[in-house]
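This report describes a structure made of protein chains. Please keep the sequence and the 3D view at hand while reading.

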Amino acid sequence: MDIEKNFAQIKPLMNSSEAYYESSRCLFCYDAPCTIACPTAIDIPLFIRQINSENIIGAAKTIYESNYLGNTCGKVCPTEVLCEGACVFNKLNIPAIDIGRLQNYATNNAILTKLNLVEIPDSIGKSIAIIGAGPAGISCACQLRSEGYKVDIFEARNNPSGLALHGVAPYKITNEEVLMEVEFLREQFGFNVFYNQRVENKEDMEYLESKYGAIFLGIGLGGSTAIKIRGENKQNCFGATEFIEQIKIEPIVEPFAKKVIVLGGGNTAMDVATESAKLGAEKVILAYRRTKSEMKAYYFEYDLTKDAGAESVFNVAPIEIVGKNSAEGVKFIRTETIDGKLEYISSSEFVIACDLVVKATGQVKQTSMLTNISGLKIDKSGQISVNLSSGQTSNPKYFAGGDVVNGGKEVVNAVFEGKIAGKGIHEFLCK
Amino acid sequence: MANLNINFAGIKSPNPFWLASGPPTNSGYQIMKAFDQGWGGAVWKTLGVPVVNVSSRYGAINHRGNKMVGLNNIELITDRRLSDNLREMEEVKKHFPDHAVIASLMVQSKTEWHQIVKDVQNAGADGIELNFGCPHGMCERGMGSAVGQEPEVLELLTGWVMDVAKVPVIVKLTPNISDITVPAQAARRAGADAISLINTIQSLIGIDIDKFIAYPVVENHSTNGGYCGPAVKPIALNMVKNCAQNPYVQLPISGIGGIENWRDAVEFILLGSTSVQICTAVMHYGFGIIRELTAGLEQYMDSHGFATIDQFVGKALPNIKDWADLNLKYSVKASIDEDKCIGCQLCYTACEDGAHQAIDLNDDKSIRIPKINEENCVGCNLCSLICPVENCITMVRKDDGKQHITWKQRTEADNIPLIFDDELAGGLSHAVRKPIDALKK
């Protein structure tokens with residue numbers, strides 16, 4: 001089994017001939033559906049036309065003008081349900097334009113050639129603190145730098161990009177690509193990133209408040225949620241976030257488990273199932289509490305799990321992780337939905353043996369830190385409430401965006417919200 | 001079953017598809033190969049005093065993913081010795097006695113003309129084509145299009161050829177002239193048996209915008225060339241039509257210019273061509289395209305009940321009239337098939353910006369199917385032309401077909417706009433928006 005081959009990029013870089021022919025197909029729709037579908041509203045027909053007329057620099061500028069993480073988004077966006085899903089060609093059963101890869105064709109070139117995207121204005125003498133160097137924070141930083149603010153980003157980890165680095169499946173984007181784009185942006189925009197700087201307690205907050213004109217919270221979510229069943233703390237029972245991060249940071253080169261059970265029905269569960277199968281697990285079983293059609297995962301992510309060789313069982317709820325010290329199996333109970341409510345079917349328990357369990361049932365909210373900010377309104381699901389058109393929180397000095405606000409969406413949503421907050425901060429401080 | 005045989009001014013050919021004089025007919029080897037694959041005839045690469053060519057020689061325009069929709073060349077006539085060409089011509093004729101081998105010729109003096117005509121006839125040529133069309137290199141030496149652009153010189157030179165010609169003589173015309181029927185008539189006066197058109201159009205194919213040199217590049221320079229390929233077909237069709245309709249020309253026509261498939265060939269035939277000549281498409285795809293050409297032509301003839309080519313030569317000519325003879329009462333309006341529409345809204349923006357503001361978008365932006373404003377629609381066709389979906393936008397006839405009045409008739413009836421602010425202005429029938437509305441977002 002060739003693990004390296006299994007982890008080949010599913011959206012490899014286009015060569016110039018491919019880019020030419022693919023860009024030639026674009027119809028240049030009026031009020032284009034692809035742009036409407038893009039959370040960052042990239043003028044997609046424009047950059048495709050620019051690629052087609054060999055203005056690859058112009059194409060990259062068009063993309064970065066709307067989306068500071070243009071390269072990362074081209075690779076990790078669920079384009080099948082966003083821009084490409086909206087392409088009018090779908091209605092003719094003609095393959096949609098390969099927008100994500102065309103985007104990367106332009107942005108990759110920009111990064112490699114260190115294209116000068118913007119002229120950063122002279123400092124306007126105001127400083128902004130950003131907590132979290134994930135997509136939202138980086139995007140917010142770029143926006144603020146383009147207005148002449150000094151920007152300091154405080155990152156708890158020792159590297160940037162948050163989940164784009166730690167959470168995205170390795171066959172969607174390589175770590176090098178993620179880091180290269182952030183470095184490209186840092187050089188372009190000149191924001192500062194301070195690593196291993198966890199901002200946590202009230203004193204930290206007060207310090208930042210005293211030193212900075214505004215603070216952007218792009219802290220994302222925390223670790224995997226517990227599912228609160230017996231045996232959950234056994235060895236070889238991991239949370240999905242931690243499992244994926246492990247693979248991303250220290251790539252596994254040999255098959256690591258024989259039989260893996262993945263609990264969950266969202267995109268993260270799909271990632272774990274696909275990655276496990278690609279890593280050489282003999283059997284991967286995706287177990288979801290409800291029916292197939294109720295899974296939150298995108299259809300193409302589910303297809304990826306099947307292509308990789310994972311199997312699925314539906315309408316089964318885990319009730320115990322069995323085994324001595326290590327997980328040796330999961331005890332399930334069968335379920336059915338009655339009047340919209342999930343019910344256990346009595347006496348239907350059964351055990352599926354395994355040597356690894358991964359729980360992909362969500363991430364916890366980092367609410368403890370947020371309670372240190374006075375007057376910060378948090379909604380009942382633990383997300384920060386913001387004004388959607390400015391990113392401003394109920395504490396006017398604080399702005400927020402990304403997973404901490406939206407509860408866990410795509411990288412592209414975080415980029416958009418970070419940019420909106422950047423504009424919102426500028427407006428707030430100009431008042 | 002359709003019979004593809006033709007008799008073109010006395011030149012017999014098993015089908016109307018001839019290779020035009022050019023790189024594909026540079027040698028007996030190529031022509032034998034083409035005949036073997038099914039081509040009906042070949043016009044040999046122009047013979048004369050051999051030339052010396054440059055490198056590179058071709059430039060092309062590509063259009064959004066389609067390579068070489070137009071080709072330009074600066075290659076000259078044959079660079080091979082006449083004796084080699086003649087020997088090969090003889091060999092080709094020996095193997096393919098029933099195929100048409102036509103010798104394209106270009107020389108200067110009367111003596112040379114007389115000599116070369118006799119030489120190719122001795123080699124077995126079934127016909128002669130006089131290259132009075134080449135618009136690059138040779139014209140600067142007083143040959144090619146330099147002759148085609150001077151009807152008197154064309155007539156004189158053709159006369160020299162007719163002095164000694166025993167096989168049919170075709171005069172190949174240059175399109176680099178304002179009225180192609182003038183040299184066509186000169187050819188007729190000189191006694192030529194047929195005409196062929198068009199030769200290439202004088203052109204610059206493009207510029208290397210970084211090095212400031214036109215294509216094709218010869219070291220640090222370039223020169224104009226001759227333009228051909230699919231992009232030139234409409235120009236060729238019009239010129240063929242002009243010659244075919246002219247009562248003073250009345251010669252068999254070999255149609256040339258951008259023919260790539262059987263449909264193109266049929267169009268040339270419907271405008272009065274008996275044979276068609278093809279070069280660029282062979283340079284692009286090889287001799288193998290003949291399979292599609294003959295099969296398509298046969299199918300077309302069978303489906304229309306044409307037993308021979310003659311039965312539809314010029315069949316479209318009576319329907320091409322002067323603008324002043326068109327019916328001003330005929331009225332079509334665009335119609336969008338909502339089931340087929342994919343919502344690209346290209347028709348909207350084309351009509352809005354490029355035509356008559358006769359297509360509206362739905363106020364509800366989530367409904368992307370545009371609506372035709374029939375009052376403003378002038379029936380121009382633009383939307384139906386740019387629509388990417390087959391048969392989604394069609395033009396539907398709206399008049400009752402009972403009324404017929406032409407510009408000529410209106411002129412005769414003194415019923416046409418004559419002054420700048422005339423109430424008879426055609427545009428008064430549809431609404432034109434106020435300029436300031438353009439700035440309303």
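## A residue of helix H3 in chain A

A:Ala37 has a relative accessible area of 25% and is therefore partly exposed; with a 1.4 Å probe and protein chains only, buried means under 20% relative accessible area, exposed means over 50%, and partly exposed lies in between. This is a predicted model, in which local features need pLDDT of at least 70 and side-chain atom pairs count only at pLDDT 80 or more, whereas totals for chains, interfaces and linings use all residues. Residues are numbered from 1 along each chain as its sequence is written, chains are lettered from A and ligands numbered from 1 in the order in which they are written, and side-chain values use heavy atoms, with hydrogens and water left out.

A:Ala37 belongs to helix H3 of chain A. Helices (H or I, at least four residues) and strands (E, at least two) are DSSP runs, numbered from the N terminus. Leaving out residues up to four places away in sequence, A:Ala37 touches A:Leu82, A:Cys83 and A:Ala86, where contact means heavy atoms within 4.5 Å. A:Ala37 and A:Gly85 are separated by 48 residues in sequence, and their C-alpha atoms are 8.3 Å apart in space.

## Where chain A meets chain B

In the interface, 18 residues of chain A are in contact with 18 residues of chain B. The area buried between chain A and chain B is about 1,400 Å², and carbon and sulfur atoms give 56% of it. Buried area is the accessible area (1.4 Å probe) that two parts lose on being put together, summed over both. Of the area that chain A buries against chain B, A:Leu27, A:Tyr30 and A:Leu92 supply 37%, more than any other three residues.

Between chain A and chain B the count is 1 salt bridge, that is, a side-chain nitrogen of Lys or Arg within 4 Å of a carboxyl oxygen of Asp or Glu. The side chains of B:Lys365 and A:Asp31 form a salt bridge, at 3.4 Å from N to O. Across the interface of chain A and chain B there are also 10 residue pairs in polar contact, both residues being at pLDDT 80 or more. A polar contact is a pair of N or O atoms within 3.5 Å; within protein, one must be able to donate a hydrogen and the other to accept it, and residues adjacent in sequence count only if both atoms are side-chain atoms. On the side of chain A that touches chain B, helix H2 (16-25), helix H3 (33-37) and helix H4 (44-52) of chain A each supply at least two residues. H2(A) gives the largest share of that side, 4 residues.

## Helix H11 of chain A

Helix H11 (residues 175-189) of chain A has 15 residues, so at 1.5 Å a residue it should span 21 Å, and this agrees with the 21 Å between its end C-alpha atoms. The expected span of a helix is 1.5 Å times one less than its number of residues.

Which residues of H11(A) are buried? They are A:Asn175, A:Val178, A:Glu181, A:Val182, A:Phe184, A:Leu185, A:Gln188 and A:Phe189. The helices of chain A against which these buried residues pack include helix H5 (56-66), helix H8 (99-112) and helix H13 (240-249). After H11(A) comes A:Gly190, which has a positive phi, near 70°.

## Chain B and its helix H5

Chain B contains 13 helices and 20 strands. Its C-alpha trace spans about 75 × 55 × 50 Å along its principal axes. Of the 441 residues in chain B, 51% are buried.

Helix H5 (residues 151-164) of chain B has 14 residues and reaches 21 Å from its first C-alpha to its last, close to the 20 Å expected at 1.5 Å a residue. Among the buried residues of H5(B) are B:Leu154, B:Leu157 and B:Trp160. The elements of chain B that cover the buried residues of H5(B) include helix H3 (110-122), strand E8 (127-131) and helix H6 (181-189).

## A buried histidine in chain B

B:His99 is located in the loop between helix H2 (82-95) and strand E7 (100-105) of chain B. B:His99 counts as buried because its relative accessibility is 14%. The side chain of B:His99 reaches the backbone oxygen of B:Trp39 at 3.4 Å. Apart from its neighbours within four places in sequence, B:His99 is in contact with residues including B:Lys12, B:Phe35 and B:Asp126.
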